[in-house]
Amino acid sequence: AAFLQGYHFASGACQEAATYQLVSLGYALQLHTAAARRGHDGLADLPVLRRAFEFLAATQTPVDGRCGYRMLPTVGHVTVYAWCQTLQALFGWAARATQGTAFSRRMMRAWQRGGGHVISLHDYQQNLVWAPPLLLLDGKLPSLPDDDDLAHSQIFDGLGAVLRAHHDDGSEGYLLAKMGPAQGHFDQDEGSLFWYAWGQPILADFGTQYDPNFHAHPWLHNRVSFDHKADAAPRQGGMLAHQLDQGVDYLCGEVTVSAQFFHGEWPDRDPNYDFRQAGDPWILDTPQRWRRHVIYVHALEAVVLLDEIDGTLPTDWNLQVHAASAAVDGSSVHCAGHFGVDLDVCMLQPGAPAIEVSAFDHLGFDEPRGNKSWWRSARWTAAPGTTMTNMAEQALTLRAHADAGQPYFAALVARRAGVPPTRIEAVGDCGVGDWGVHIVSGVGEATVTTSPPFSKWVVDIDTPAGGKCRLYVG
């Protein structure tokens, strides 16, 4: 109990990424079951354990068409493929350990929408195929009829925030912002974003765990990186302000980089390479501070980013887009998405960003480093209505550059394939005085304005479904 208490934040978020949190909670549930069978008090009634499972359930993504269920977000060392995703079987364990309670029904709902996995591939690989399901899971327990824990945007102390939008056609928006001190088994993803728009993945956080390992590549996440070097621990980040409103969410987080080390451009795929072979870190003469403002306009599936930089090093501004191609036109980029959703990006500051495009892909289960070719023999464990594949991913990196201390101001708008490109225009000088952007998309218009010190924002929205409204944020 003391370990679980020290391992978690008050929100239920954990010091470590979801994979390791669930493995630890699994051990706790096994101990609980053993103790309860002998007539002793178990662990399943502990508030910290229940908060942890509720947090994990509340962070599930929209149903992902690549596998057919809601996934654990791949922030930190969480695989997009079933090696980590099948740990959602533990929602069912938690339900059985607490059967007869509202919490049990909530966990059954999370288990069902997370794929209804009976066998975790972690247990499968350890030849524990039948013991956990027989002893710890009952797929016939009652569940809640709805997903009330996924209805609204939420702040999770320690991790950051999960912002959610719900559209009239039944599709969902989901924007996870990593803005918190949790560091264990996370990549250099502080300040990064992970986005589903109109129900489809659009901004990637590569779900590879260690194969390959993204531990030293801030420029392969959706964040700002300094001098194209890796951040050394401790990666200091946290949320400074937030306002979650009906239709618009605002977040402000800050990251401080005090030390760096050198690493190559791409993650290592050599089976004999150990990340500990990387060079020693050096302390920076001046800590580099980066403050990110995020405005998420639900109805338009639009994200406005203002990144303030207080530092002495040049920076890169990076996006990883699930896209097959990207057409760069000055400060604008039109990305043709893989899953029926395209992305329009407009960089309003700096004025001449010289946007570069590169690409990265991984083979998921079939990556040669840490080979897991046995996964094909485990495909029979996939629940009805779901699929198990290698879950290979390919994304394009969009990268802009700026001199030391220069801010970035950008708008990102997701649209369904076939809808005309979004019109994105600056409002004000986006420099000394007013900063703003006007967005005209196929589903409506929005104008977002602010001015230094960027503590107050005004958002005007006009859509056919919702009419006109003005929101004051900050």
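I began with the largest pocket and sorted its lining: 11 residues are nonpolar, 10 are polar and five are charged. I note here that the model is predicted.

**Entry 1: the largest pocket**

I looked up the volume next. The largest pocket holds about 680 Å³ of space. I then asked which of its 26 lining residues are the closest to the centre. They are His166, His167, Gly247, His298 and Ala299. I also checked which strands contribute to the lining. β4 (160–166), β24 (457–463) and β25 (467–473) each give the largest pocket at least two lining residues.

**Entry 2: the largest cavity**

Rolling a probe the size of a water molecule over the atoms shows where empty space is left. How many cavities of 30 Å³ or more does the structure hold? I found seven. The largest cavity has a volume of about 130 Å³. Its lining is made of 17 residues, and the closest to its centre are Ala17, Ala18, Phe55, Leu159 and Phe186. I traced part of this lining to helices: α2 (18–37) and α3 (47–58) each supply at least two residues. I sorted the lining of the largest cavity by type as well.

I moved on to the second largest cavity, which holds about 60 Å³. I listed its lining in sequence order. Cys67, Tyr69, Tyr81, Ala82 and His117 are among the lining residues. The list also includes Ala382, Ala383, Thr386, Thr387, Met388, Thr389 and Met391. By type, eight of the lining residues are nonpolar, four are polar and none is charged.

**Entry 3: His362**

His362 sits in strand β18, which runs over residues 356–362. Is His362 buried or exposed? I count His362 as buried, because its relative accessible area is 1%, under the 20% cut-off.

I then looked for polar partners. The His362 side chain makes a polar contact with the side chain of Glu393 at 2.7 Å. The His362 side chain also reaches the backbone nitrogen of Gly364 at 3.0 Å.

Last, I listed contacts, leaving aside neighbours within four places in sequence. His362 touches Val80, Phe206, Gly207, Thr208, Pro212 and Arg269, among others. Glu367, Met391, Ala392 and Glu393 are also in contact with His362. Met391 turns up in two of my entries: Met391 contacts His362, and Met391 lines the second largest cavity.

Notes. Residues numbered from 1 in each chain as written. Predicted model: local features only at pLDDT ≥ 70, side-chain atom pairs only at ≥ 80, totals over all residues. Heavy atoms only, no water. Helix = DSSP H or I, 4+ residues; strand = E, 2+ residues; numbered from the N terminus. Buried < 20%, exposed > 50% of the residue type's maximum accessible area, 1.4 Å probe, protein only. Polar contact = N/O pair within 3.5 Å; in protein donor to acceptor, adjacent residues only side chain to side chain. Contact = heavy atoms within 4.5 Å. 1 Å grid on protein atoms, 1.4 Å probe; cavity = no way out; pocket = protein on both sides within 12 Å on 5 of 7 lines; lining within 4 Å. Points joined across faces, edges and corners; volume = space filled by probe spheres on them. Nonpolar A, V, L, I, M, F, W, Y, C, P; charged D, E, K, R; others polar.
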